[in-house]
Amino acid sequence: MKSRKAPKHILVIRLSAMGDVAMTVPVLRAFVQQYPDVKLTVLTRGFFAPFFRDIENVEVFPVDVKGRHKGVFGLFRLSRELKQLGIDAVADLHNVLRSKILRFFLLRTPTKQLDKGRSDKKALVSGEVFQQLKTTHERYADVFRNMGFPLELSNPNFPERTPLNPEVLELLGADTQKWIGIAPFAAHKGKMYPLDLMEEVIQSLSEDYKIVLFGGGASEIEQLQRIQDAHKNVVSIAGKLTLEEELDVVSNLDAMVSMDSGNGHMAAMLGVKTISIWGVTHPYAGFAPFNQPENYLLLADRTKFPLIPTSIYGNKYPEGYEEAAGSISPQEVIYKIKAVTQ
């Protein structure tokens, strides 16, 4: 691609889960700051459009993989729609079957794609090696570097705190306490801090902080409402706000506490201090929240659970490992939060 004229309009493909999409945000923000003359169109679910709202020269093209753009014929239709935008290069940050088919239909458009580092990750979870792999953010950045755009992520800029609208302020309540966000759930049990231990953390912190609980889905909403009702200075916003309003709240937090999950990446992409708790997964796989100090990572005890990481995504683990995150004491979590928010 270096021999070609430099692209002026790049299609960025990243579908999939919330955390994966959120991790593109600091990379794209760095890109447009360093290359302001290049337009980016992000192909992703329309639901995620608010992630990119503060980034100039970035537009979202919402994909409908369950409807209009479903299947091979839907992807062909999508390719025809994308060709109308004047795109002159494709950065595939997903690199799965769906995006490969789409790239085929965009055959004459120069393309670079994500190297997922599968062999390195396989060696990590098999126990062959135990060392830090390239981060997902750097892997995303490499796609643009391979397109001829040297990209630096080490000096990031973040948006200012977003003013909260009156309805959100009413929900949270006006006070002068520092706000701690807590997102206690994850896609798999092995990635979660035991909820009874998290309640100990919440009980202690609620003496001095406003605790804001994050989650989604009927079961999580119910459990978080119960926690709110049982403790003072605790507010669950699960199921009560739009994604855009949730991002507004996140931007106003003094710190976020999350699992290895999308909420941590949402906080980090906004420059919020993010403390992450790790069970059967491990940050060596490259999925730690962006630009966070290493000591913000609270890790399960590998002397007790030596097979960690048992998988990259936390969906596979031996019997008994589902409680691995519980080897981190509530006192350790509380101490870290207080230290970070001094």
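## Salt bridges, rings and a parallel sheet

K134 and D142 meet through their side chains in a salt bridge, with N and O 2.6 Å apart. This structure is a predicted model. K134 counts as partly exposed, because its relative accessibility is 40%. Side chains of opposite charge can pair when their charged atoms come close.

Three of them are listed here.

| Pair | Closest N to O distance |
|---|---|
| D260 and K191 | 3.8 Å |
| E207 and K232 | 3.5 Å |

Take D260 and K191, whose closest N and O atoms are 3.8 Å apart. D260 lies in the loop between β9 and α11, and K191 lies in the loop between β6 and α8 (195-205), so their bridge ties together parts that are 69 residues apart in sequence. Are these two residues buried or exposed? Both D260 and K191 are buried.

Now take E207 and K232, with closest N and O atoms 3.5 Å apart. E207 sits in the loop between α8 and β7 (209-213), and K232 in the loop between α9 (218-230) and β8, so this pair ties together parts 25 residues apart in sequence. E207 is partly exposed, because its relative accessible area is 44%. K232 is also partly exposed, at 48% relative accessibility. Which residues belong to one salt-bridge network? Bridges that share partners join K134, E138, D142 and R145.

### The sheet

Six strands form an open sheet, in the order β8-β7-β6-β9-β10-β11, and the pairing is parallel. Its edge strands are β8 (234-236) and β11 (297-299), each of which pairs on one side only. On average, neighbouring strands are turned by 20° against each other, direction ignored.

Look at β9 (residues 255-258) and β10 (residues 274-278): the two run parallel, and three bridges join them. V257 stands opposite I275 in β10. Helix α11 (residues 262-269) packs on the sheet, where it touches β6 (178-183), β9 and β10. The direction of α11 makes about 160° with that of β9.

### Aromatic rings

A search of the whole structure finds 12 aromatic pairs. One of them is F31 with F149. Their ring centres are 5.2 Å apart and their planes stand at 70°, so the pair is edge-to-face. F31 is in helix α2 (residues 24-34), while F149 is in the loop between α6 (136-146) and α7 (166-172), 118 residues apart. Both F31 and F149 are buried.

A further pair is F305 and Y321. Here the centres lie 5.1 Å apart and the planes make 75°, so this pair is edge-to-face. F305 and Y321 each lie in the loop between β11 and α12 (330-340), so the pair ties together parts 16 residues apart in sequence. F305 and Y321 are both buried.

Which residues form one aromatic cluster? They are F31, Y35, F144 and F149. A charge meets a ring as well: the charged end of R302 sits over the ring of F130, 3.6 Å from its centre.

Most residues other than glycine have a negative phi, and most peptide bonds are trans. N57 has a positive phi, near 65°. N57 is found in the loop between β2 (39-44) and β3 (58-62). It is partly exposed, at 34% relative accessibility. N95 has a positive phi too, near 55°. N95 is found in the loop between β4 (89-92) and α4 (97-105). N95 is buried, with a relative accessible area of 14%.

What kind of peptide bond joins I308 and P309? The bond is cis, with omega about 0°. P309 is found in the loop between β11 and α12.

Note on methods: Residues numbered from 1 in each chain as written. Predicted model: local features only at pLDDT ≥ 70, side-chain atom pairs only at ≥ 80, totals over all residues. Heavy atoms only, no water. Pairing = 2+ DSSP bridges. Helix = DSSP H or I, 4+ residues; strand = E, 2+ residues; numbered from the N terminus. Axes fitted to C-alpha atoms, helices over the stretch in contact; angles between N-to-C directions. Contact = heavy atoms within 4.5 Å. Phe/Tyr/Trp six-rings, centres within 6.5 Å; stacked < 30°, edge-to-face > 60°. Buried < 20%, exposed > 50% of the residue type's maximum accessible area, 1.4 Å probe, protein only. Lys NZ or Arg CZ within 6 Å of the ring centre and 35° of its normal. Salt bridge = Lys/Arg side-chain N within 4 Å of Asp/Glu carboxyl O.
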